[in-house]
2 protein chains.
Amino acid sequence: MSGPVSNEVQATPAPAQTETPAPTAAPAAEGDAGAAPAGPSKNELKKRAKEADKAKKAAERAAREEEEKRQREAKEAEDHAKQNYGKLPLHQSQERNGQIRLKFADLNEKSVGQRVTFRARLHNMRPQGAKIVFLTFRQQTLTLQGVLVVSGDKDEHQVSKQMLKYATLIPTETIVLVEGVIKSAEVKSCTIQNFEVGIQKIFTAVEVGDLPFSVDDAARPESDFLRMETEDVQFARVSLPTRLDNRIMDLRTPTNQAIFRVQSAVCNLFRTYLDSQGFIEIHSPKLQGAATESGASVFKVSYFNGTAFLAQSPQLAKQMAIAGDFEKVYEIGPVFRAEDSNTHRHMTEFTGLDLEMAIEEHYHEVLETLDSMLLAIFKGLKEKFSHEIETIRKQFPCEEFLFLEKTLVLPFKEGMQMLREAGATDSEGKPIGDMDDMSTENEKFLGRLVREKYKTDYFILDKFPLAIRPFYTMPDPSDPTLSNSYDFFMRGEEILSGAQRIHDPAFLVERMKAAGIDPTTMSGYLDAFKLGAPPHGGGGIGLERVVMLFLKLGNIRRASLFPRDPKRLNP
Amino acid sequence: MSGPVSNEVQATPAPAQTETPAPTAAPAAEGDAGAAPAGPSKNELKKRAKEADKAKKAAERAAREEEEKRQREAKEAEDHAKQNYGKLPLHQSQERNGQIRLKFADLNEKSVGQRVTFRARLHNMRPQGAKIVFLTFRQQTLTLQGVLVVSGDKDEHQVSKQMLKYATLIPTETIVLVEGVIKSAEVKSCTIQNFEVGIQKIFTAVEVGDLPFSVDDAARPESDFLRMETEDVQFARVSLPTRLDNRIMDLRTPTNQAIFRVQSAVCNLFRTYLDSQGFIEIHSPKLQGAATESGASVFKVSYFNGTAFLAQSPQLAKQMAIAGDFEKVYEIGPVFRAEDSNTHRHMTEFTGLDLEMAIEEHYHEVLETLDSMLLAIFKGLKEKFSHEIETIRKQFPCEEFLFLEKTLVLPFKEGMQMLREAGATDSEGKPIGDMDDMSTENEKFLGRLVREKYKTDYFILDKFPLAIRPFYTMPDPSDPTLSNSYDFFMRGEEILSGAQRIHDPAFLVERMKAAGIDPTTMSGYLDAFKLGAPPHGGGGIGLERVVMLFLKLGNIRRASLFPRDPKRLNP
């Protein structure tokens with residue numbers, strides 16, 4: 001059965017902590033090989049007798065030691081629990097017995113009394129005297145208490161002192177395979193508080209090296225550190241850079257296990273809603289022959305003997321899909337921004353959830369689709385992911401995310417007016433005007449004003465001034481200074497920007513010129529519309545930003561599995 | 001209501017083809033301003049009388065022309081159908097009346113007699129005499145016949161001669177807005193063969209420029225061109241490069257509309273199956289600090305003052321997610337390969353459908369998950385996308401894709417034996433050995449042998465020789481020359497490659513050294529396992545390859561919305 005696996009141990013479980021081996025044999029008697037050859041003298045005979053005596057004693061000692069060893073081994077053989085613990089080989093099973101392994105999430109009242117097997121991380125351990133140890137096992141967001149008690153010799157499922165010692169020496173984070181019986185219990189220190197497992201077997205499946213920090217420390221809420229000021233407690237704080245440098249360790253916290261389940265759910269809810277509305281999913285190329293939007297910063301790629309650019313958004317591709325008659329499309333994919341922004345909400349690569357659709361009558365069809373999609377996400381998360389949200393709130397407590405049954409759609413002008421009335425000013429300290437761009441600070445301020453007035457953390461700003469939107473934005477037919485465009489906000493931060501796009505190539509050229517763009521530099525974009533595209537609009541959300549704001553994580557990197565920013569490309 | 005939209009026409013519909021305008025006024029009488037100033041001579045008086053006469057005649061002519069114009073306008077005003085056709089403005093609706101617009105897919109027996117409005121492409125047109133024209137309208141994969149008949153003056157929904165003329169001059173591919181009544185009919189030339197629409201109103205919504213080719217030509221099956229050899233017919237063949245250069249036009253064929261619905265469905269079925277198995281979706285960064293797999297060709301990206309690399313697979317990220325305790329993860333995302341391969345099945349960017357999962361007992365848990373996932377895709381496509389598959393088969397006829405209820409899992413050795421027995425040789429013409437790599441040609445040959453023997457186009461080769469797999473592949477515990485790895489095949493082409501990975505860092509170092517890789521160059525990869533990862537395995541399929549092979553499209557570019565290869569970065 002042994003393969004080429006050098007560090008594989010024998011399949012038969014054996015205690016990892018072996019006793020110090022007894023000397024295997026008495027040292028050979030030493031002789032003075034350097035003496036001159038002659039008949040044995042008296043002295044020599046005496047010496048020989050002495051040596052014979054020495055050898056005899058040595059032999060006796062060896063025999064004694066041999067006996068001691070035998071006795072020790074016999075005593076060891078008395079460890080009838082030997083087969084119940086130890087280290088598993090690298091190839092843990094050469095065969096499949098199809099044994100069902102418990103997922104903690106499946107535990108319920110019916111589990112009580114059942115014999116179960118499960119694999120889990122050893123989360124922590126509390127020995128209690130010489131005969132009992134409490135071990136906490138972890139599976140993703142859940143922890144279960146295990147109890148190991150030294151049993152009498154006659155117990156069918158023996159737990160020996162040796163087994164207890166073995167268990168207490170297992171480092172935390174080791175992956176263990178456990179067999180035991182589920183019992184009713186009251187456990188405050190675990191997420192599973194009604195049950196515990198009486199351990200009958202415990203094997204180490206995968207060992208771990210030095211840990212950069214503990215999962216417990218990585219999962220501490222800020223309130224723990226505040227306690228240090230008033231109580232006699234001491235906690236290690238794990239900084240964000242340390243977490244990100246050791247992201248694998250950090251990801252094991254129940255908080256992160258829950259965050260990325262929420263992230264996965266957002267994508268699922270996004271697609272499920274749009275699928276129900278007749279959208280199809282597309283995959284557009286990230287390698288572009290030309291920079292898609294002039295002015296913005298794009299990553300350059302060496303492409304054989306030429307240069308390519310990484311797409312900063314799938315917008316052109318989505319629009320081409322509409323010109324290609326797909327009517328309603330969405331895409332979930334990476335988006336690249338070569339901006340040297342080192343803030344809590346910028347990354348150089350993030351996941352875009354984008355959609356584009358043909359308009360039948362009015363661009364509000366798009367706005368309403370985007371709104372319904374976001375409401376489906378918020379509701380879906382609240383309904384189906386309350387356990388995850390609750391888990392995350394333990395580390396990141398925050399006010400409940402508020403949204404209305406009917407979303408507030410605020411004209412941009414009204415938003416500006418609310419800000420002005422509340423005393424908001426522009427960067428020069430002057431009162432803001434209706435046609436100004438809205439600063440990030442004023443966005444947040446408006447978020448607070450809206451929350452106060454309308455009791456919602458989610459709303460839409462509609463009808464942005466034309467001048468502050470990209471050239472391809474369709475103007476408002478009834479006011480040439482405004483545009484058919486909108487931004488969506490969560491907790492005072494923009495999560496979605498979108499608009500009706502200009503679908504007429506001649507008008508696009510006119511708008512390009514007005515924006516100071518030479519149309520010949522964007523012929524690829526223009527070509528897309530020369531074959532006729534229906535009126536259309538769309539928008540895109542940043543997945544990580546939505547997750548960050550819904551859960552109020554404070555930094556977008558916490559919502560990204562392996563975040564990328566100007567200073568971070570690893571792990 | 002008019003915005004800054006320069007090319008916008010008035011909202012009131014007006015005929016686009018106006019009659020040649022009548023001269024608006026008589027030309028001013030010409031005088032010889034160069035003559036010397038003097039008292040009027042006889043000649044001069046005669047001349048003046050002549051001129052007065054001329055002026056009078058001119059005035060009479062002007063009056064006559066004015067009257068003719070009036071009469072013409074009066075006659076034109078008699079076109080009571082004026083409001084039933086014309087060109088729509090850029091902003092097609094300033095208001096929303098919420099009118100429901102027909103999707104051809106929703107037509108059924110109950111539609112007969114209903115008055116409907118729809119937007120569609122004008123697919124083609126057949127005038128029949130002076131009073132009737134047949135127009136074919138297209139929505140995605142469906143075409144519907146429309147009939148426009150000049151009606152009597154008293155008809156409530158008048159169709160005038162002018163309206164008919166307007167309609168016959170609409171270029172194909174124009175997006176039109178049509179109102180009419182659904183009637184029962186027998187139509188062979190359209191995909192909707194039971195119904196047609198009696199047109200009452202027709203407006204052009206979006207005009208088109210010159211077309212590179214027609215949708216009909218782009219949708220022709222090979223058999224059409226074969227007919228040219230025996231019949232007196234002539235068809236234009238649209239080459240693949242021409243299609244790809246004008247991809248937007250090409251995408252409008254019913255074939256392509258169907259192909260990308262199938263592509264979308266594959267992703268949906270992939271996720272739906274894995275969601276049901278407790279997987280979560282992840283999004284891993286495509287920007288990497290180091291080349292993930294040494295030796296293979298990776299695209300370099302200028303990253304601020306440094307260099308990044310585009311991920312050639314999400315494998316390391318997936319493995320890190322497993323080390324981070326996510327247990328079962330999948331990802332759908334772009335994969336980049338800087339290989340200068342110009343074949344029917346290589347692209348520089350494609351969509352990877354990847355999964356990775358912890359193994360409880362045996363790596364066949366992974367193989368079986370991958371297999372069940374693919375079966376769910378095949379079955380889902382057959383059950384729910386028969387219309388699309390049928391549509392595609394019209395242009396790309398092929399043998400039905402065969403698969404078994406229980407998938408054939410063939411040990412690599414047996415595959416090699418089948419090939420050997422059938423006379424397959426290696427590149428040097430020698431009989432192939434059990435431990436050889438399998439050439440692309442032999443893969444195809446094996447595909448044919450398997451189809452013949454087992455009646456399946458889909459099977460798994462298991463237990464590849466260790467020597468021909470990457471260093472991180474887990475060896476077979478019972479035979480050190482083999483490995484716990486597998487490839488999946490469709491129609492004789494590999495669509496999935498996967499394996500159990502080595503999760504032990506010390507053993508990974510050993511295998512790296514054996515493969516001639518300096519472990520210090522891959523410390524990032526090794527670090528992922530030092531914190532302890534459970535045994536795990538996975539695999540990935542190329543979305544476009546699966547679509548190409550399931551539908552037998554013959555070239556992977558046909559399964560990619562905007563394909564990228566060493567020579568193509570646009571559109």
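**Note on the interface between chain B and chain A**

1. In this predicted model, chain B and chain A bury about 9700 Å² between them, 56% of it on carbon and sulfur atoms, where buried area is the accessible area (1.4 Å probe) that two parts lose on being put together, summed over both. Within chain B, the residues that lose the most area to chain A are B:Arg96, B:Glu361 and B:Leu531, together 9% of what that side buries.

2. Counted by contact (heavy atoms within 4.5 Å), 118 residues of chain B meet 118 residues of chain A.

3. The rule for salt bridges (a side-chain nitrogen of Lys or Arg within 4 Å of a carboxyl oxygen of Asp or Glu) finds 18 of them across the interface of chain B and chain A. One of the salt bridges joins A:Glu327 to B:Arg119, with the closest N and O atoms 3.9 Å apart.

4. By class, the side of chain B that touches chain A comprises 53 nonpolar, 34 polar and 31 charged residues, with Gly counted as polar.

5. On confidence, the model scores ipTM 0.86 and pTM 0.87. Chain A averages a pLDDT (the predictor's confidence in each residue, from 0 to 100) of 89, and 90% of the residues score at least 70. Over residues 1–37 of chain A, however, the pLDDT is below 50, although this stretch has 52 contacts in the model beyond near neighbours in sequence. Where pLDDT is low, the predicted coordinates should not be read in detail.

6. On conventions, residues are numbered from 1 along each chain as its sequence is written, and chains are lettered from A in the order in which they are written. Local features need pLDDT of at least 70 and side-chain atom pairs count only at pLDDT 80 or more, whereas totals for chains, interfaces and linings use all residues, and side-chain values use heavy atoms, with hydrogens and water left out.
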